[in-house]
Amino acid sequence: MSQLLPQTSAHELPASAGADAPPAQPSAATAPAASTATATATTASTTALLNESSADAYADLLHEVVDTVAERFRTVDAPSVGPDRHALERLVEDVDLDGSGIGDRAALAEADALYARNAVWFHHPSYLAHLNCPVVLPAVAAEAMLAAVNTSVDTFDQSLVATHMERRLVQWAAGLAGFASGDGVFTSGGTQSNLQALFLARERALRADLRERTDVLPRLRVLTTAASHFSVARSAHLLGLAADSVIAVDSDADADGRVDPADLRERLAALEAAGERPMAVAVTAGTTDRGIIDPLPAVAETCEETGVWLHVDAAYGGGLLVSERRRHLLAGIERADSVTIDFHKTFFQPVSSSAILVRDPSDLRAAAWHADYLNPAAEAASAEAEPNQVDKSLQTTRRFDALKLWTTLRSLGPGRLGEMVDAVCDLALEVRTLLLADRDFTVLGTSDLSTVLFRFQPEGVDDRTADGHVALIRRILFQSGRAMVARTTIDGTPWLKLTLLNPEATLTDVAAVLDLVRATGRGLLAGSRLAAEGSER
């Protein structure tokens with residue numbers, strides 16, 4: 001039996017609302033026989049809050065929502081309905097947010113017609129665009145539980161067992177990464193995890209320099225590659241580093257964009273000679289565009305020799321940690337100082353679920369900040385100190401997102417997740433082979449994970465024409481709603497991109513999308529020829 005939410009379609013609404021129906025309004029069948037004001041007051045007094053008196057109403061309401069969403073999962077036949085953004089904007093603007101309440105059921109029916117009907121369905125096999133995964137059933141069920149209980153895991157007295165569960169999961173994840181005594185904390189995503197990692201690296205660098213912080217900050221440098229996630233450069237900006245603080249290390253031209261360890265070593269030596277201070281080296285285990293893993297052992301050796309903090313952004317590639325067949329691709333990650341991992345990518349969790357892991361738990365102390373009303377410093381230093389997660393996190397109020405992963409591991413086991421990761425990586429290899437044998441397409445490089453870069457360029461089509469068609473093909477498919485692919489630019493050349501994160505998608509599913517790409521490209525070529533012929537007359 002499949003553990004993923006079933007594949008869905010957004011073109012049809014449940015039987016209670018037609019596909020072109022406007023947002024639902026309260027009906028005579030559901031409205032109490034009283035004035036609007038009285039009805040609103042009654043609704044608010046009985047169902048506004050979730051508590052002991054509204055438990056039955058909660059159960060009824062959630063069952064209705066689940067039934068409605070389940071019907072969409074049964075009937076959706078494309079990744080989106082594909083309307084343009086102006087039409088969506090008008091739908092949103094037409095809703096009166098200042099009016100009287102319309103009641104629970106009417107409001108949720110409206111949300112279904114407005115949001116669910118016009119959502120992007122990442123689990124549909126024709127969704128091949130970004131790093132969005134279909135989600136496993138136990139995690140979705142756990143999401144409903146944690147949302148209802150509304151635990152905040154910032155302090156122990158707000159979370160109790162949830163704090164212990166998150167800490168146990170962090171220890172488990174740290175162990176996967178090879179941090180035998182490591183630590184960490186859940187975050188909202190890879191961007192926040194990368195920010196915290198570089199913050200910790202900055203604080204270590206500042207502690208190691210006896211000069212004033214204001215004197216050291218302008219000299220700190222972060223070395224990374226052009227293929228690293230944009231959050232690395234943005235984090236440097238947010239951390240107050242100089243505008244030229246991020247240094248792009250060359251990639252190996254013969255290794256599909258992986259960092260060149262020799263160039264890294266040379267740049268570190270040049271920084272030292274110039275009196276500048278390398279704060280961190282940030283490499284990637286699963287680049288966004290190519291799914292490439294940097295040579296972690298060689299980079300780790302250089303960082304150990306020079307004493308520079310090594311951060312590995314494994315937001316995409318972290319799922320390889322539970323793959324028996326591909327775990328070896330992350331060899332060397334255990335030598336990093338910090339690791340980002342996104343469970344809402346290759347662990348198939350609902351957004352959001354990420355973590356920052358550190359090899360040395362003491363490094364997390366740099367993020368600690370104490371407030372008398374929340375986590376007093378005196379209590380934190382006592383023998384009976386409570387395990388307050390806010391001492392490790394950049395966030396204060398924080399959802400118990402760890403429950404989703406906990407439930408998934410208990411339901412499926414990490415081995416099953418590893419098989420799902422292998423499935424999408426295997427599919428990428430099959431798709432690449434298919435494209436290489438097709439004379440209508442050109443393929444760029446390889447992938448360690450599940451992305452494929454390609455473009456429609458039949459024989460006789462010049463580079464300039466093929467360049468211009470990349471964005472057009474992507475936009476036409478997007479607006480149709482029939483399929484979604486991404487686009488990017490590598491070394492000045494635009495490419496279409498398939499990001500394969502659905503373990504149940506097949507080569508036939510992807511081939512159908514490629515046929516749409518081909519048909520769209522041929523249509524563009526035919527249109528160009530007709531335009532050229534018309535201009536000659």
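Visitor: Where in the chain is Thr287 found?

Guide: Thr287 is found in the loop between S5 and H12. Helices (H or I, at least four residues) and strands (E, at least two) are DSSP runs, numbered from the N terminus. The model is a predicted one, in which local features need pLDDT of at least 70 and side-chain atom pairs count only at pLDDT 80 or more, while totals for chains, interfaces and linings use all residues. Residues are numbered from 1 along each chain as its sequence is written, and side-chain values use heavy atoms, with hydrogens and water left out.

Visitor: Does Thr287 count as buried or exposed?

Guide: A residue is buried under 20% relative accessible area, exposed over 50% and partly exposed in between (1.4 Å probe, protein chains only). Thr287 has 5% relative accessibility and therefore counts as buried.

Visitor: Which residues does Thr287 touch, not counting residues up to four places away in sequence?

Guide: A contact means heavy atoms within 4.5 Å. On that basis Thr287 touches Ala227, Ile292 and Tyr316, with residues up to four places away in sequence not counted.

Visitor: How many residues does H11 have, and what span should they give?

Guide: The expected span is 1.5 Å times one less than the number of residues. H11 (residues 261–273) has 13 residues and should span 18 Å; its end C-alpha atoms are 19 Å apart, which agrees.

Visitor: Which residue caps the N-terminal end of H11, and which residue follows the helix?

Guide: The cap is Asp260, with a side-chain oxygen 3.0 Å from the backbone nitrogen of Ala262. Gly275 follows H11, and its phi is positive, near 80°.

Visitor: Which way do the residues of strand S7 point?

Guide: In a regular strand the side chains alternate between the two faces of the sheet. From S7, Ser338, Thr340 and Asp342 point one way, Val339 and Ile341 point the other way, and all are buried. Strand S7 (residues 338–342) is accordingly described as mostly covered, with five of its five residues buried.

Visitor: In which sense does S7 pair with strand S6, and in which with strand S8?

Guide: Strands of a sheet pair through backbone hydrogen bonds, either parallel or antiparallel. Two strands count as paired if DSSP finds at least two bridges between them. S6 (residues 309–314) and S7 run parallel, joined by four bridges, and the bridge partner of Val312 in S7 is Val339. S7 and S8 (residues 354–358) pair in the antiparallel sense over five bridges, with Ile341 opposite Ala355 in S8.

Visitor: What is the order of the five strands in the open sheet?

Guide: The order is S1-S11-S12-S10-S9, and the pairing is mixed. Strand S1 (127–128) and strand S9 (441–444) stand at the edges with a single partner strand each, so one side of each is left without a neighbour in the sheet. Helix H16 (residues 414–436) packs on this sheet, touching S9, strand S10 (451–456) and S12, and its direction makes about 20° with that of S10. Axes are lines fitted to C-alpha atoms, for helices over the stretch in contact, and angles run from 0 to 180 degrees between N-to-C directions. Helix H17 (residues 463–480) lies across S10, S11 and S12, at about 35° to S12.

Visitor: How do strands S11 and S12 run relative to each other?

Guide: Strand S11 (residues 484–490) and strand S12 (residues 493–499) run antiparallel and are joined by five bridges. Arg487 has Leu496 as its bridge partner in S12.

Visitor: Where is the place of Lys392, and is this residue buried or exposed?

Guide: Lys392 lies in the loop between helix H14 (377–380) and helix H15 (402–412). Its relative accessibility is 11%, so Lys392 counts as buried. Leaving out residues up to four places away in sequence, Lys392 touches several residues, among them Arg167, Asp183 and Gln196.

Conventions
Polar contact = N/O pair within 3.5 Å; in protein donor to acceptor, adjacent residues only side chain to side chain.
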